[in-house]
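Reader: Hello! I'd like a close look at one part of this structure, with the rest as background. Could you take me through it at the level of single side chains?

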Amino acid sequence: MTLETGKRRRVLGDLGGLKRCIYLGGLSLDIILCMSSGAQAEEDNRDVDGSNGKLYIHGALKESACRLDMSSAHQEAALGEVGTGRLQIVGAHGETVRVELSLVDCLRKPASSLDTRTGGLTLPANQSTVTVSFNAARDLENPQLMKAQGVSGLGLRLENDQVQNVLLGTSGRPLLLTQGQNTLSYTVIPERTAAPLIAGSYRAAVDFHLSYD
């Protein structure tokens, strides 16, 4: 009898849960074949016809703060015309124009912000805060005002929604933010200075920076 015809096949079973073995016995040769369950699974999952693949996805979840709405990033404020007859004394002013900065995606979280004017801390329990700083060329006669390029005797005052003058080059008082969308309001006011009054068209450029906590 040959090995081929005399061969006997018997499954030995699971040896310790790790391997499955097969016993092949004949007249003159005994063979035990063992295959681990992991290798069997890998064999079963092999792509044999090129129809399977795998997609690897990666990214990051980060803590976000408020961000400036793009419609607020670049704005123009038209102050219109004001007659020199209205600006005969120092401190006289023209019509005010409102400017708004819109913030989106604001989250609630504990914060701690320093008020540079008073030296005090703003410690809201569950609200974020923001401070805004404005930078612009200052009027030579009154450094509290922005310089109006193109005319003389006229400067531009910037105030917050509490009718407080915005100090150029320094951070304003911390402002509390609510969850979602927030709007920060300011006003621009043309104001007479002590310099000789010379009429003309004027312009100014103001940079602003927001710091979140």
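Author: Happy to. A word on naming elements: helices (H or I, at least four residues) and strands (E, at least two) are DSSP runs, numbered from the N terminus. Residues are numbered from 1 along each chain as its sequence is written, and side-chain values use heavy atoms, with hydrogens and water left out. What you see is a predicted model, where local features need pLDDT of at least 70 and side-chain atom pairs count only at pLDDT 80 or more, while totals for chains, interfaces and linings use all residues.

Let's start in the loop between β10 and β11, which is where V163 sits. V163 is not a glycine, yet its phi is positive, at about 60°. V163 counts as exposed, because its relative accessibility is 60%; exposed means over 50% relative accessible area, buried under 20%, and partly exposed in between (1.4 Å probe, protein chains only).

E159 is another residue of strand β10. E159 is buried but has no salt bridge; its nearest side chain of opposite charge is R157, 4.7 Å away. For charge, Lys and Arg count as positive and Asp and Glu as negative, while His and the chain ends are not counted. Setting aside neighbours within four places in sequence, E159 is in contact (heavy atoms within 4.5 Å) with Q164, N165, V166, Y186, T187 and I189.

Next comes R192, in strand β12 (residues 180–192). R192 is buried and has no salt bridge, and D139, the nearest side chain of opposite charge, is 9.4 Å away. What lies beside the polar atoms of the R192 side chain? The backbone oxygen of L87 is 2.7 Å from one such atom, and the backbone oxygen of A195 is 3.3 Å from a polar atom of the R192 side chain. A polar contact is a pair of N or O atoms within 3.5 Å; within protein, one must be able to donate a hydrogen and the other to accept it, and residues adjacent in sequence count only if both atoms are side-chain atoms. Not counting residues up to four places away in sequence, R192 touches L87, Q88, I89, V90, G91, A92, G153, L154 and L197.

In the loop between β11 and β12 you will find Q179. Q179 is partly exposed, because its relative accessible area is 48%. Q179 and L107 are 72 residues apart in sequence, yet 5.0 Å apart in space, C-alpha to C-alpha.

For the background you asked about, the structure holds three salt bridges. One of them joins the side chains of R86 and E95, at 3.0 Å from N to O. R86 is partly exposed, because its relative accessible area is 43%, whereas E95 counts as exposed, because its relative accessibility is 51%.

Strand β5 (residues 97–106) is mostly covered, with seven of its ten residues buried. Strand β4 (residues 67–68) pairs with β5 in the antiparallel sense over two bridges, where pairing means that DSSP finds at least two bridges between the strands. L68 stands opposite L103 in β5.

Stepping back, the protein has two helices and 13 strands. Of its 213 residues, 31% count as buried. Among contacts between residues at least 6 apart in sequence, 66% join residues at least 24 apart.

Definitions and conventions:
Salt bridge = Lys/Arg side-chain N within 4 Å of Asp/Glu carboxyl O.
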